[in-house]
Amino acid sequence: MDALTRLHRSLAGGDDEERQEDDILGDTDDLCSLSPLQRVYAFAACLATGLALMLLSLIVLAKPIKFSVMFTFGNIMAVGSTVFVMGLNKQLRMMLDPVRVYATAIYGGCVVFALIFALLLHDKLLTLIAIICEICALFWYSLSYIPFARRIVSDLMVKLCDTEL
């Protein structure tokens, strides 16, 4: 048994085979023949590539269309990198969880709109608006994984934007 798999099973709470369905790495066993260590390497490579694309997109910030294409593809790679660790089914289940479904839909829509505005319409203003909405939706989606983070951010925004004294 691989050391990474043993570590995960010990943290997950035992060696029960019936827990295989909930196992993070077990969900991807039928999808590919990558070992758990290779999946971690693929995750790291995909995440690093996505982050590099997002950072490199800042170089072409003056050209919103090139910026949005690089940034959006980097964003997709960074978010999609977790598929290597969790598996596609678990990733989709988590993204479509009732807590995250609206943020996921808005994020997905903004990604599609950013690419349409950049590649088909060549509209710089709409592309930038879609990118800003994409960043906000991804931030809100990411907060859903941290307990009480959305509530804290919501309360903070209400306090900052409240005009009543």
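## Basis of the model

The structure is a predicted model in which local features need pLDDT of at least 70 and side-chain atom pairs count only at pLDDT 80 or more, while totals for chains, interfaces and linings use all residues. Residues are numbered from 1 along each chain as its sequence is written, and side-chain values use heavy atoms, with hydrogens and water left out.

## H3 against H2

Helices here are DSSP runs (H or I, at least four residues), numbered from the N terminus. Helix H2 (residues 36-57) and helix H3 (residues 64-80) have axes that come within 7 Å and cross at roughly 160°, where axes are lines fitted to C-alpha atoms over the stretch in contact and angles run from 0 to 180 degrees between N-to-C directions. H2 is therefore roughly antiparallel to H3 (angles over 145 degrees count as such, and those under 35 as roughly parallel). The crossing of H2 and H3 is left-handed, that is, the near helix is turned anticlockwise from the far one by less than a right angle.

Contact means heavy atoms within 4.5 Å, and the residues that meet include Cys46, Leu53 and Met54 in H2 and Phe67, Met70 and Phe71 in H3. The residues of this contact divide into 11 nonpolar, 5 polar and no charged, with Ala, Val, Leu, Ile, Met, Phe, Trp, Tyr, Cys and Pro counted as nonpolar, Asp, Glu, Lys and Arg as charged, and the others, Gly among them, as polar.

The axes of H3 and helix H6 (residues 101-121) come within 9 Å and cross at roughly 150°, which makes H3 roughly antiparallel to H6. This crossing is also left-handed.

H3 and H7 pack at about 25° with their axes 9 Å apart, and are therefore roughly parallel to each other. Their contact has 9 nonpolar, 4 polar and 2 charged residues.

## The largest pocket

A pocket is an open set of points on a 1 Å grid over the protein atoms alone, where a 1.4 Å probe fits, with protein on both sides within 12 Å along at least five of seven lines; lining residues have an atom within 4 Å of a point. The largest pocket has a volume of about 200 Å³, taken as the space filled by probe spheres set on the points.

H3, helix H5 (88-95) and helix H7 (124-143) each supply at least two lining residues, and the largest share, 3 residues, comes from H7. Among the lining residues are Ala78, Val79, Met94 and Leu138, and by class the lining has 7 nonpolar, 3 polar and no charged residues.

How values were computed: Angles under 35 degrees count as roughly parallel, over 145 as roughly antiparallel, 65 to 115 as roughly perpendicular and the rest as oblique.
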